[in-house]
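Dear colleague,

Please find below the structure that I am handing over to you. My findings follow directly after it.

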Amino acid sequence: MIRARCPICGKNFETATIDAWPGFPFCSDRCKLIDLGRWIDGNYAIPGAEEPKEDELNADDAEDHG
Ligand SMILES: [Zn+2]
């Protein structure tokens with residue numbers, strides 16, 4: 001018997017073998033999908049949300065110091 005704790009919802013569960021538990025190490029397909037969704041969110045993070053700031057300002061400053 002294998003005892004495990006779902007990393008998503010923290011629920012404890014037991015299974016005879018890992019093969020007998022398709023969703024391992026998650027307690028259910030639902031938690032497995034939640035974990036998968038987190039990975040996808042990370043990969044598809046929207047770039048360009050930050051406005052340009054110090055980099056451009058520093059470029060102007062460099063000329064003033066001359
Ligand atoms: Zn869970």
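Among contacts in the protein chain between residues at least 6 apart in sequence, those that join residues at least 24 apart make up 9%. Please note that the model is a predicted one. Of the chain's 66 residues, 5% count as buried.

As to secondary structure, the protein chain contains 2 strands and 2 helices. Their order from the N terminus is β-β-α-α.

Strand 1 covers residues 2-5 and strand 2 covers residues 12-15; they pair in the antiparallel sense, over 4 bridges. Within this pairing, Ile2 stands opposite Thr15 of strand 2, while Arg5 has Asn12, also in strand 2, as its bridge partner. Strand 1 and strand 2 form a hairpin with 6 residues between the strands. In that hairpin, Gly10 takes a positive phi near 80 degrees.

Which residues does a cis peptide bond join? The two are Phe24 and Pro25, and the omega of this bond is about 5 degrees. For comparison, most peptide bonds are trans. Pro25 itself is found in the loop between strand 2 and helix 1, and helix 1 spans residues 29-43.

With kind regards

Note on methods:
Residues numbered from 1 in each chain as written. Predicted model: local features only at pLDDT ≥ 70, side-chain atom pairs only at ≥ 80, totals over all residues. Buried ≥ 20, exposed ≤ 12 C-beta atoms within 10 Å, placed from the backbone. Contact = placed C-beta atoms within 7 Å. Pairing = 2+ DSSP bridges.
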